[in-house]
Amino acid sequence: MAAPPAHADAAPSPTSPPAARDPPGRQAERSETACEDRSNAESLDRLLPPVGAGRSPRKRTTSQCKSEPPLLRTSKRTIYTAGRPPWYNEHGTQSKEAFAIGLGGGSASGKTTVARMIIEALDVPWVVLLSMDSFYKVLTEQQQEQAAHNNFNFDHPDAFDFDLIISTLKKLKQGKSVKVPIYDFTTHSRKKDWKTLYGANVIIFEGIMAFADKTLLELLDMKIFVDTDSDIRLVRRLRRDISERGRDIEGVIKQYNKFVKPAFDQYIQPTMRLADIVVPRGSGNTVAIDLIVQHVHSQLEERKLRWDMAALASAHQCHPLPRTLSVLKSTPQVRGMHTIIRDKETSRDEFIFYSKRLMRLLIEHALSFLPFQDCVVQTPQGQDYAGKCYAGKQITGVSILRAGETMEPALRAVCKDVRIGTILIQTNQLTGEPELHYLRLPKDISDDHVILMDCTVSTGAAAMMAVRVLLDHDVPEDKIFLLSLLMAEMGVHSVAYAFPRVRIITTAVDKRVNDLFRIIPGIGNFGDRYFGTDAVPDGSDEEEPYTG
């Protein structure tokens, strides 16, 4: 998960020129007006019902994705959104689509607050909150001028980019990574930076026109209409637009009477009949929210995928190794290094030294499978030399933590300016399933050749999950290279069966795994031996059964 992108500072509202350009008298008048607006906003606060008091208005709930921290921030607590179980089957394809909840209702009806309450009550990882506010269309210069004077109708269906909404929701339901625009309400425009969302088991889509498009409706598994009294909605809108969006009270009321209220009567209220559930009083109706949460939990339980590792282990027995596998030639030098690192008596210093040597050889070998094209250069003697040059855009390395990160220095040593990403996959000790806990991938990775690194691969479950993550970020399957110092035949077959175009490259393949899915004869727990940490009592090959 990458850090959130830096956003440009919001420009001054078009309705409020910089005070420095005003004459002294006008500055004083503007100052008094600003104080009056703040006083109005504070007075409006007292008119609101006590439910939800203390919450910042329209505070967004963040979701796990590569541009934001892996956290769900709610009004009461912060939930670490870790442990996403497999969302695909043994074929590597998505088994069940994400569960999509649509939240409709009038402006300032409390949709975001209800969404946040549902997220908090669900208490499940990998929930994505998608707001329709992000999908306002880019305004023309004339429309910008109208918006600056509160004369543009933002509450009309034509104000929203439904094509982008539908394509974004479809990709999220399919488990794909998506880019979402960030809308700046003070300038009525999209910001330069877009945020990236990924990993949706549950999608909550909220907006005033959430039910206004037939194609969009078909994507929603559950439709909820938040019904709030019009007077309360007006008070909330006044408070929000004055305090958050730099508007004056006269402009907000003008816009409400001219556009917001008529749009609610014409476009929004009629969609209430399309809802599966109507929530009167919004966030104050805890009974309705509890019923919603119970239903979502039951739906998630039905969609849960359970892995059968024994079946996975036996599925490819006696099959020949796939053509996509390339094993480093077992020269006396390579075999000698394997002898040293497999020896349980080898010291940590020697283990690290010879592991690094093998990693360097492995990566040099892997680079020979990259696409190259003919090129001609001129030597210092003035002669032409017909050579080869890399035919791709760039190379990115992605390590599966923690053992995979030990291969990063070798990759950096041979690939200048290579970009590096990381993925953390661990085993759920209760279910025995691999779970995705964390990812941080470089931007625009879809055009790169990706070298996926893990030091040992036994069952292939973690490697399959990592490959699926890359595919969800639009990396072509044939541009993914899985590198490992040691693999079990089972892991090779599992990855090749699910992803037949992924190139698998290793220095050795062992034939067996034991009942605990450890490589036999194996290499021991690579991470513990490399980092000098205490070994797991059962003497496992890997830090967790699925870290390989």
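Trainee: What makes Tyr136, Phe152, Phe154, Phe160, Phe162 and Tyr183 a cluster?

Mentor: Ring pairs link those six residues, Tyr136, Phe152, Phe154, Phe160, Phe162 and Tyr183, to one another. To count as a pair, two ring centres have to lie within 6.5 Å. Keep in mind that this is a predicted model.

Trainee: How many aromatic pairs does the structure hold?

Mentor: There are 9 of them.

Trainee: Why is the pair Phe353 and Tyr354 called edge-to-face?

Mentor: The ring centres of Phe353 and Tyr354 are 5.0 Å apart, and the planes meet at 85°. The label needs planes over 60 degrees apart, so Phe353 and Tyr354 are edge-to-face.

Trainee: And what makes Tyr530 and Phe531 an aromatic pair?

Mentor: Their centres are 5.3 Å apart, with 70° between the planes, and this pair is edge-to-face too. The two residues get their own burial labels: Tyr530 has a relative accessible area of 9% and is buried, while Phe531, at 31%, is partly exposed. The cut-offs are under 20% for buried and over 50% for exposed.

Trainee: How do you know that helix 11 has the span it should?

Mentor: Helix 11 covers residues 348–367, which is 20 residues. At 1.5 Å a residue the span should be 28 Å, and the end C-alpha atoms are 28 Å apart, so the two agree.

Trainee: Which residues of helix 11 are buried?

Mentor: Phe351, Ile352, Tyr354, Ser355, Leu358, Met359, Leu362, Ile363, Ala366 and Leu367. When you look at that numbering, remember that an α-helix has 3.6 residues a turn, so residues three or four places apart point the same way.

Trainee: How many disulfides are there?

Mentor: The count comes to 0. Take Cys375: the nearest cysteine sulfur belongs to Cys389 and is 3.5 Å away. A disulfide needs the sulfur atoms within 2.5 Å, and Cys375 is in no disulfide.

Trainee: Is Cys375 buried or partly exposed?

Mentor: Partly exposed, because its relative accessible area is 22% and buried means under 20%. Cys415, at 7%, is buried.

Trainee: Why do strand 19 and strand 23 stand at the edges of their sheet?

Mentor: The sheet is open, has 3 strands in the order 19-21-23, and its pairing is parallel. Strand 19 (456–457) and strand 23 (509–510) each have a single partner strand, so one side of each is left without a neighbour in the sheet.

Trainee: How many bridges join strand 21 to strand 23?

Mentor: Strand 21 (residues 486–488) is joined to strand 23 by 2 bridges.

Trainee: Now the backbone. Which residues does a cis peptide bond join, with omega about 0°?

Mentor: Leu401 and Arg402. Arg402 sits in the loop between strand 15 (395–401) and helix 12 (408–414). There's also a cis bond from Ile520 to Pro521, with omega near 5°, and Pro521 lies in the loop between strand 25 (519–520) and helix 15 (526–531).

Trainee: Why does Pro320 count as exposed?

Mentor: Its relative accessibility is 68%, and the label needs over 50%. Pro320 is in the loop between helix 9 (309–314) and strand 12 (325–327). The C-alpha atoms of Pro320 and His493 are 8.9 Å apart in space, although the two residues are 173 apart in sequence.

Definitions and conventions: Residues are numbered from 1 along each chain as its sequence is written. This is a predicted model: local features need pLDDT of at least 70, side-chain atom pairs count only at pLDDT 80 or more; totals for chains, interfaces and linings use all residues. Side-chain values use heavy atoms; hydrogens and water are left out. Helices (H or I, at least four residues) and strands (E, at least two) are DSSP runs, numbered from the N terminus. The expected span of a helix is 1.5 Å times one less than its number of residues. Buried means under 20% relative accessible area, exposed over 50%, partly exposed in between (1.4 Å probe, protein chains only). Rings of Phe, Tyr and Trp (its six-membered ring) pair if their centres lie within 6.5 Å; planes under 30 degrees apart count as stacked, over 60 as edge-to-face and the rest as tilted. Two strands pair if DSSP finds at least two bridges between them.
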